[in-house]
Structure formats: C-alpha cells, structure tokens
Amino acid sequence: MAQLSSNHQKTKYYRKKKPAPLPAIFENWFVSNGWRPHTHQLKILEIAEQQSHALITAPTGGGKTLAGFLPTLIELANNPQGSLHTLYISPLKSLTSDIRRNLEVPISEMQLPISVSIRTGDTKQSVRQHQRKKPPNILLTTPESLTLLLSYHDASIIFKTLKRVVIDEIHVLAGTKRGDQLALALSRIQQLAPKCHRIGLSATIAHPIALSAWLAPKGQANLVTRIEGSSGKKFKINLLKTKQKIPWYSHSALHTMEEIYQEVEKAQTTLIFVNTRAQAEITFQALWKLNKKGLPIALHHGSLAKILRLRVEEEMASGSLKAVVATSSLDLGVDWAAVDLMIQIGAPKGVSRLIQRIGRAGHNLDTPSRALLVPTNRFEVLECKAALEAAVEGTLDDETPRPGGYDVLAQHMLAMACSHSFEADKMYTEITAAAPYVSLPRVIFNDVLDFIDHGGYALRTYEQWRRLENIENKTYKIASQKVARRVRMNIGTIVESQMLQVRLGRQKILGKIEENFILGLLPGDTFMFGGHVLRFQGIRNMAVATTLAAGSEPKVPSYQGGRLPLSTHLADRVRSILATPQKWPELPNQIRDWLGIQSRVSVMPKSDGLLVETFKRSGRAFLVAYCFEGRNAHQTLGILLTKRMERAGLGPIGFVGTDYNIAIWSIHPVTDINELFDEDMLGDDLEEWLAESSLLRRTFREVATISGLIERNHPGISKTGRQMTVSSDLIYDTLRRYDPEHIMLRVTRRDAARGLTDIKRLADMLRRVKGKIIHKELSRASPLSVPILLEIGKETVGGTHKDMLLDEAETVLISEAFATENIL
Amino acid sequence: MTSTEFEFNGERMLADLSGALIWPEKNTVVVSDLHLAKGTSYASRGVFLPPYDSIETLSVLNGVLTHYSPNRVICLGDSFHDNDAPKRLRPEEKDIIRQFTQLYDWIWITGNHDPTPTPTLGGKIASHIGIANLMFRHITIGGVTNGEISGHFHPKARLKIKGKKLSARCFISDGTDRLILPAFGTYTGGLDISHPTIEALFSGNYMIFLLGQRKVFTLPKTVLKTYAR
C-alpha cells in the first residue's frame with residue numbers, strides 16, 4: 001500500500017493515449033499534496049470504465065493499492081450509494097487496518113461520501129451484525145471472513161450491488177489453499193453480481209500470465225488486462241564484506257554481529273530479515289548484547305503475541321525504531337518510509353523472495369534500495385552470490401499456481417449450502433468457473449458432494465444423520481442450523497500444530513510456541529523466546545510458565561518456521577559459480593582459497609554432472625554427493641540410498657543432508673556409484689516408504705481438518721480432554737484398512753504427491769546426471785565436504801557440550817582436509 | 001500373541017500386546033475402555049468419522065479371546081462410548097457382541113461413558129467386582145488401595161530414545177496396590193503417564209508395560225525418567 005507521500009512526483013504521465021481525466025476534485029487533491037498520479041493509477045481508470053479485470057504488478061512502494069481504489073473513490077464520489085460497492089481482500093488481517101487508515105486520508109480530505117469498514121476474525125459481533133444490515137461502500141476483509149459472509153442467507157442481498165473486488169498481494173494467495181478458498185468465493189460472487197470485476201495487485205512475479213489466469217473467471221487469462229507499474233525499484237545489493245573468519249558450519253552469522261551493528265548505526269532504519277524464528281531470537285539476543293548505545297532495536301516473528309507484534313509495527317510506522325529483526329512475518333505489509341537498509345541474514349533461498357524483501361527498504365521509488373546479504377557459512381557465501389547475480393539480472397523463480405485442493409472444495413460447498421439450497425449441476429458450473437477448479441472432474445465433484453452429505457463411506461452408516469437436506473434428489477441445503485453453526489465455526493484453511501501460550505511470571509503473555517518443543521523440555525531448562533532467555537517451570541493452566549533466566553546458556557527454540565529449501569534456479573547458479581573459476585575473483589579470499597584447494601585435492605562439481613566423493617574416516621566409509629537439490633530432496637534421497645545400501649550389505653549407519661549436499665556413512669564402502677544412483681530407486685522403495693511415511697499422515701491431518709472430517713482443536717481444550725478427541729492418525733489407519741478408496745484418502749495421496757515437488761527434483765536430477773557421475777576416491781575428507789561433516793556432529797550431540805565437541809571436530813577435520821597444503 | 005509376564009499383588013499376570021490383561025490362574029481376560037461406537041458419536045453434530053472403529057475393536061478382541069480362550073471376560077468400563085452407542089452399532093457388530101456374551105462369562109463394569117450399559121447385548125453389569133485378592137473397577141478410587149485394577153485414564157508413554165520420539169499405550173503398575181490398563185478401543189487416544197493426574201497416583205516406584213510394534217517392553221520408573229520427553 002502506498003502511503004500517500006511524495007514518491008509520486010516524478011513519475012511520467014501515461015502518454016500513449018490520453019487517459020480518462022481525473023475529476024477536478026481528485027486532480028486538485030493530487031496537486032494540493034504536491035503529487036502526480038502514477039501511470040498505472042491512470043490506466044486503471046480506463047480499465048475500470050470498461051469493467052474489465054486487471055492485474056497490476058508493481059513493486060511495493062509503487063502506489064498500487066491506491067491504484068486499485070482510485071476508480072472506486074471516483075465512482076462513489078460521482079454517484080454516492082448506500083450499498084456495497086467494492087470488496088478489498090488481503091492475506092493479512094493487519095493489512096486491512098493500514099489500508100483503512102490510508103483510505104480515510106483522501107476520503108476525509110476530499111470530503112467524499114464513502115463508508116469504509118473492516119471485517120476479519122477480530123471484528124466484534126455487533127459490528128458484524130451492523131455490516132450485514134447496512135453494508136459499507138468499501139468492505140476490507142480476508143478470504144476466510146469472505147467465505148463466512150457468503151455462507152449467510154442474506155449474502156445475495158449484500159453482494160448484489162458489488163462492482164469491484166480488489167485482491168491485494170495476490171501472488172501470496174494464488175496456488176495456496178487460502179487462494180483456492182478465495183477463488184471459489186469469487187466464483188460465488190460472480191453469480192451474485194455478474195458485472196463485478198476483479199483487480200489483482202501483485203508484486204513483480206515470474207509468471208504474470210499464470211497469475212492472470214488465476215484471477216480470471218474460468219481461468220481465461222485473456223480477460224485480464226495487465227498493467228505494469230514502474231519497472232521496479234532500483235537497488236544496490238552487496239554481500240557483507242566481513243573481516244571475520246567465515247564459519248564452516250553455522251546458521252546464525254554470529255561472527256558478523258559487530259559489523260551488522262555498525263551498519264544499523266549508520267543507516268536511518270534497518271529491516272533485518274532472517275529465515276527462521278530461532279535465528280530471529282539468536283540474532284536479536286546477539287545485537288542486544290552489543291547494544292551499548294541503547295539503540296531501539298525490536299524483534300518480530302509469527303510466534304510472538306499479537307499485541308507485541310502490533311506494537312513493533314506501530315513503532316516502525318512512527319519511525320521510532322532503529323532496527324527490527326524479523327522473519328517472513330514482515331514480508332508483507334505497508335511500507336515504512338524510513339527504512340533505508342534491508343539486511344538478509346542467511347541465504348535467501350529464492351530470488352523472488354529476496355527481491356520482495358529488498359522492496360521493503362527504500363520506500364521511495366526514486367531512491368535506490370540498499371540491501372546487504374550476510375551469509376552465515378561458506379556455502380551460503382556461494383548461494384548469496386548466486387542470489388545477488390539473479391536479483392541484479394531480475395530472473396525470478398516463484399512457481400505457477402497449482403490446481404485447487406478438494407478439501408477446500410468440501411469446506412466451501414458446505415459453507416454455500418448454509419447460505420441457500422443449490423442444484424448439483426449449477427454448483428458444478430459455478431465451481432468450475434473458479435480458475436483452480438476449471439478441470440475438476442464431475443466424478444470428483446460428486447464424491448465430494450457425497451462426502452459432505454453423509455461422509456461418503458462404503459458403509460452408508462450416516463444416511464440417517466445427513467448434513468444436507470436433499471430435496472427430490474436435485475437440490476441440496478444444509479440440514480439444520482445446528483450443523484450450519486459448526487460449519488461456520490470451522491471455516492478456514494490454515495491448520496496449525498498444537499500451540500501453547502508462553503507466560504512470563506504471572507501475567508505477561510509473550511506469544512505461542514509449539515507444544516512438541518515444550519514437551520521436550522524439563523523444568524529448569526532454558527530457551528530463547530520473545531527476545532528473552534526464559535527458564536521453563538512447567539505447564540500450568542494450559543500455558544507454559546516461565547521466569548527470566550539471567551546469564552545462562554539457553555537451549556534455542558527448535559521451531560523452524562519458514563525454513564525453505566534452496567530453489568532450483570539458485571541451485572543452478574551455485575553449481576555454475578563452482579564450475580567457473582573465472583567467477584571466483586569476485587568471491588571473498590577465504591572462499592577462493594577454499595575452492596582452490598578443493599580443485600587440487602579433489603575436483604569441483606560440474607554444472608551438469610554429479611560429484612561423489614568417497615573416503616575413510618575413523619574406520620567408517622563416507623560418501624558425499626554434491627547434488628544441490630535442497631534439504632528436503634536430500635532427506636528423501638538419503639532414505640532411498642541407505643535402503644539400497646542396506647540391501648547391498650554395505651551396512652549404512654547414518655546420513656545427513658543439507659541444502660547443498662548429502663553425506664552417508666557406512667561400514668563398507670560403496671563400489672558401484674552409478675548403480676547406487678540409478679533412477680530406478682524412485683520405484684518400489686519410494687512407494688513403500690511413502691505409504692508408511694509421516695508425510696501422508698501429516699497431509700491427512702490437514703486434509704481431514706479442512707474438509708471437516710475431524711474437528712479443529714479449539715483453543716482452551718484441556719489436556720485431559722485430549723484422550724476424548726480422536727487423533728487423525730487413528731482415523732487414517734482405520735480408514736486405510738477398511739475403506740482404502742475413500743475420497744479423503746484419494747485427496748491425501750493427491751496432496752502429498754503435490755507436496756513432493758522434491759521428489760520431482762530428485763527424479764530430474766537422477767535423469768540429468770546419468771552417465772555423468774564423477775566418482776572421486778580420496779584418502780581423506782575434501783575441503784568441500786567439511787561443512788556437511790561438521791553437520792553430522794550437530795545431529796548426534798546436544799546441549800552445551802555441542803560447541804566443545806564441534807570445536808574439536810572442526811580442528812581435526814580442517815587439518816585433515818588441508819593436510820597436503822599446510823595452509824593452517 | 002505376544003505378552004509379557006509380571007506379578008501383581010501376588011498374582012501372575014500377562015500384559016498382552018493388544019492391551020488386554022490376562023489372569024491365567026482364573027482363566028480371565030480383562031480389557032478396558034473399548035469405547036465402542038465412538039466413531040459414530042459425532043454424527044449428530046455433523047462430524048462423520050470413518051465408522052469402522054467398532055468392527056476393528058471387536059476383531060482385535062476376538063483375536064485375543066480366540067487365542068486365550070478364557071472362561072471369564074471383564075470389560076473395565078467405558079465399553080460403549082455413550083449410552084446410545086448400542087443403538088448406533090450395526091447389526092453384525094451387535095451379533096458379534098452377543099456371541100461373545102454367550103460364549104464367555106461376561107462382565108460389563110460401568111464407566112463414566114456408559115453408566116447404564118444396555119442389557120440387550122447380554123453379559124452381567126456391575127459397578128465393580130472383587131475376585132480373590134483383586135478388585136476390578138473403572139476408575140481408581142485413589143489414595144490407599146490394594147490389588148486394584150482399573151482403566152479410565154488411557155495411559156500412554158512418550159519417550160525420546162536416541163533422538164527419536166515415540167509414543168505408545170502402556171499398562172502402569174506399582175506391583176501391589178494399583179494397576180491401570182491401557183485403552184483397548186481403536187479410536188482411543190491417551191494420557192501421558194507424566195501427567196500430574198497419573199503421577200499423583202504412582203508416587204512411589206512403578207513399572208510400565210509398553211505396547212510396542214511387535215513386543216511388550218517392561219520399563220521401570222528409573223529408566224523412564226532417563227528417556228522422558
């Protein structure tokens with residue numbers, strides 16, 4: 001969202017065709033503020049007049065949200081009405097309040113007769129009632145709240161007058177289950193208000209046509225006019241030039257904290273992005289220790305209590321903070337004018353994500369954004385370098401939206417049955433007009449309908465308790481208001497793991513943490529949370545009771561929010577840097593030396609082949625493969641390779657995978673590498689592993705919750721109540737045994753297969769490297785293998801001894817790897 | 001059938017992998033918390049769980065009874081998920097239960113879920129029953145007991161061994177005074193034995209018999225504390 005500030009000045013007018021002129025009152029308003037409208041803001045007026053759908057892609061700070069609302073403001077200024085005119089949908093609740101604040105500026109300054117109201121999960125019951133009785137002109141909402149609104153019987157009256165839907169940050173929603181839900185809701189709206197048109201607002205993305213198709217009715221991209229905002233922000237992006245030794249193995253960048261602190265001091269306001277919540281805690285603690293000057297530095301991540309997060313956001317907006325350490329929790333949102341530096345700690349894992357994060361700095365379109373990448377270890381230097389190149393070249397790597405989920409479909413159809421009776425045929429037509437469902441087979445639709453009606457079991461047990469009332473085998477409506485209430489209570493597609501509140505002392509609630517993490521703690525253990533080191537006392541009244549633990553070594557929270565694997569695109573670039581010594585001079589000296597020695601004692605991985613090194617260490621045979629396919633793919637590969645080695649009698653002992661490579665150790669050495677890496681490993685072994693894997697169970701839990709097969713765990717349910725709810729694992733096992741072709745199992749298998757993009761990555765790799773595997777038998781560990789060998793230490797040792805052991809392991813390994821060179 | 005032998009209040013007992021307790025000397029099989037028709041109990045709320053839990057529970061029970069061919073079977077309460085449960089069972093499921101109650105000397109102990117089990121399925125109904133020096137009831141009376149065997153809590157243990165987390169149903173026994181059985185029903189979750197409610201009942205030494213994948217593990221309290229998570 002643009003804060004309506006001076007960044008509009010220098011933008012060129014749209015000149016090709018004279019656009020519809022702004023009404024005088026708007027023209028004057030722009031002028032009185034010293035602004036000129038952006039090209040895309042004017043172009044949208046034209047498109048609005050033609051009532052066609054539009055996709056506006058512009059970087060943050062490009063004023064695209066104002067563009068989305070400009071036609072609405074003008075239309076309502078010219079023709080005031082007492083009903084709903086425009087719906088604004090945001091992926092974030094918090095964004096709706098910012099948008100309202102920013103809309104109210106022009107509305108009050110021009111004294112426009114326009115009413116704006118918010119409806120999210122936080123909206124009070126009385127306000128909701130009022131909204132349904134007297135809808136505002138502009139309603140700001142989220143996908144979940146929209147579906148809920150549509151589930152009421154008066155939806156047809158409320159939405160009848162709707163002219164426009166504005167969907168913000170559409171690139172974040174498309175292709176997710178929340179996006180599926182929204183697409184289905186849009187399809188329903190199109191029924192209620194056939195003339196309504198859609199405006200999507202998106203960050204710059206790799207596949208604008210796919211996104212246009214997602215936005216369009218029936219997935220017809222040609223119905224959507226694309227408007228590109230300014231070509232994108234200019235930015236200056238650099239690797240942090242550290243004087244410190246770059247660690248072999250680390251994910252925290254602690255070695256650079258002094259330097260980061262200095263950068264923060266120099267900048268006006270800094271946004272520090274990290275990849276996981278644990279990293280956020282560590283970084284924040286480290287900066288705080290250095291903070292002799294008492295700079296206002298804050299912490300922001302998804303587990304913190306909402307009130308704490310809101311406070312940080314407000315302080316950022318008012319410019320009273322010097323820096324904030326954040327996870328993807330701050331990826332979206334309004335721009336903060338004061339931010340002039342973005343620091344990314346840890347490799348960004350994807351180019352599109354990096355560019356969007358850079359966009360959060362340097363709000364002003366005409367001043368270049370400044371971004372600093374801080375690798376936490378040696379391989380990340382290569383990855384950051386690759387990301388930097390890609391960002392400069394503007395090669396994006398986000399994925400195209402995938403087809404819609406059937407669990408979301410079940411939830412949506414139930415919600416719609418609460419609103420009005422429907423005919424199956426007409427409902428099918430309506431559903432298939434939603435882009436993610438254009439190719440939904442009728443048989444699946446029928447199965448989903450059966451499922452929501454009576455469970456769809458082979459045993460027709462529930463015929464007498466049906467959820468739908470079936471009139472003459474043609475029209476369906478919800479069976480009772482009691483069922484409708486339950487359906488409405490369970491609308492939403494975000495399935496969270498069990499979370500417990502973290503309470504400091506008697507009163508203060510700091511946020512929420514995964515129950516599984518807490519169950520691993522003993523009273524007296526310490527962990528980092530919300531920027532404090534806390535001592536765990538126990539679970540009391542369904543909350544984690546803690547006290548402040550001063551000066552002790554914390555056990556870091558294990559929660560891994562937002563840990564993404566390396567993107568294929570970045571992987572290609574990293575491989576290419578390694579294979580191209582001409583590029584090395586741009587790398588830090590330490591890294592250059594490291595690669596140089598590697599090419600002497602072993603070889604460098606090639607761009608298209610696969611390097612596999614084998615060597616003996618402490619009486620075990622080691623195999624290190626440099627696949628660069630991301631952590632998840634390597635995890636699967638490790639399972640498959642060790643299975644095969646088991647069968648070959650090689651006695652595999654363990655394996656570990658990073659984003660870059662995989663190491664396996666065994667009793668006997670592998671002799672035939674080509675056979676080991678043959679692509680037939682993706683056959684039976686994979687099937688067998690999948691059937692038993694936790695992946696299917698996890699997927700089933702999500703699918704069963706969204707589709708309403710099992711009820712959500714409502715907060716506040718007591719521990720002893722647990723034994724009374726049925727765990728999704730038990731249901732999964734029973735269903736698999738007695739009704740293996742049940743629709744929910746088919747949905748689970750489909751979703752799981754889709755979640756396995758990593759397996760596709762594996763398959764692609766095995767095919768690609770066939771006949772191109774270089775097997776290097778070494779007498780000792782190579783320099784390139786050191787980081788992953790150190791990771792092994794991490795996997796098996798815990799607690800404070802870890803560091804000691806790591807230090808020891810590191811010294812031994814490094815001297816071993818460099819023995820021939822006498823460098824250290 | 002795999003089981004492990006142990007002594008409770010001077011009696012030789014078997015903890016069976018299925019979760020059943022066998023008392024060989026008295027030719028008795030004891031099971032607890034079958035929760036029959038739990039799957040269908042949510043139907044009136046519009047939640048349709050797969051309705052296969054009852055038949056699964058009954059088939060497993062049938063396997064146990066065929067193997068041990070006891071004279072007497074004691075169900076330690078919460079055999080039915082609620083008082084209406086028998087109405088929701090399918091005819092073939094009810095037939096199996098009727099066969100059971102005809103074949104064996106069958107005792108339904110009442111539980112909090114089924115305070116008044118239906119007499120139409122056969123078997124005797126009792127709130128508790130004492131046999132020799134053992135007392136069978138649904139919920140332990142707490143405090144000082146002797147030779148008491150109960151269910152209700154669905155005990156299970158969550159452990160962490162060599163970095164791997166696992167969780168399984170278990171019997172928990174202090175050797176003389178109190179023995180609590182795991183839940184036998186298909187859709188029954190569990191309460192961790194480290195939960196204060198259970199810990200309070202076993203303040204001294206105790207053993208658990210953990211139902212693994214293929215065998216029953218006997219773990220004393222001291223070992224459990226090492227692997228607790």
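A salt bridge is a side-chain nitrogen of Lys or Arg within 4 Å of a carboxyl oxygen of Asp or Glu. Over all chains, the whole structure holds 47 salt bridges. This is a predicted model, where local features need pLDDT of at least 70, side-chain atom pairs count only at pLDDT 80 or more, and totals for chains, interfaces and linings use all residues. Residues are numbered from 1 along each chain as its sequence is written, chains are lettered from A and ligands numbered from 1 in the order in which they are written, and side-chain values use heavy atoms, with hydrogens and water left out.

**Salt bridges within chain A**

- Side chains of opposite charge can pair when their charged atoms come close.
- Arg466(A) and Asp453(A) form a salt bridge, with the closest N and O atoms 2.3 Å apart.
- Arg466(A) lies in the loop between α18 (442-454) and β15 (468-471) of chain A, and Asp453(A) in helix α18, so the pair ties together parts 13 residues apart in sequence. Helices (H or I, at least four residues) and strands (E, at least two) are DSSP runs, numbered from the N terminus.
- Asp453(A) is buried, at 2% relative accessible area, while Arg466(A) is partly exposed, at 28%. Buried means under 20% relative accessible area, exposed over 50%, and partly exposed in between (1.4 Å probe, protein chains only).
- Glu679(A) and Arg767(A) also meet in a salt bridge (3.6 Å, N to O).
- That pair links distant parts of the chain, 88 residues apart: Glu679(A) sits in the loop between α24 (673-676) and α25 (684-692) of chain A, and Arg767(A) in helix α29 (residues 757-769) of chain A.
- Glu679(A) is partly exposed at 26%, and Arg767(A) is partly exposed at 49%.

- In chain B, Asp105(B) and Lys124(B) form a salt bridge (2.8 Å, N to O).
- Asp105(B) is in strand β6 (residues 105-109) of chain B and Lys124(B) in strand β7 (residues 124-126), 19 residues apart.
- Asp105(B) is partly exposed, at 29% relative accessibility.
- One network, built from salt bridges that share partners, joins Asp678(A), Glu679(A), Lys760(A), Asp764(A), Arg767(A) and Lys770(A).

**Where chains A and B meet**

- The contact (heavy atoms within 4.5 Å) takes 36 residues from chain A and 35 residues from chain B.
- The two chains bury about 3200 Å² between them, 62% of it on carbon and sulfur atoms. Buried area is the accessible area (1.4 Å probe) that two parts lose on being put together, summed over both.
- In chain B, Arg45(B), Phe48(B) and Tyr52(B) lose the most area to chain A, together 25% of what that side buries.
- One salt bridge is counted between the chains. Arg737(A) pairs with Glu56(B), the closest N and O atoms being 2.1 Å apart.
- Helix α1 (residues 53-68) of chain B gives the most to its side of the contact with chain A, with four residues.

**Strand β11 of chain A**

- From β11 (residues 323-326), Ala323(A) and Val325(A) point one way, Val324(A) and Ala326(A) the other way, and all are buried.
- Strand β9 (residues 269-273) of chain A pairs with β11(A) in the parallel sense over four bridges. Two strands pair if DSSP finds at least two bridges between them.
- Thr270(A) has Ala323(A) as its bridge partner in β11(A).
- Strand β10 (residues 297-300) of chain A also runs parallel to β11(A), joined by four bridges. Ala298(A) stands opposite Val324(A).
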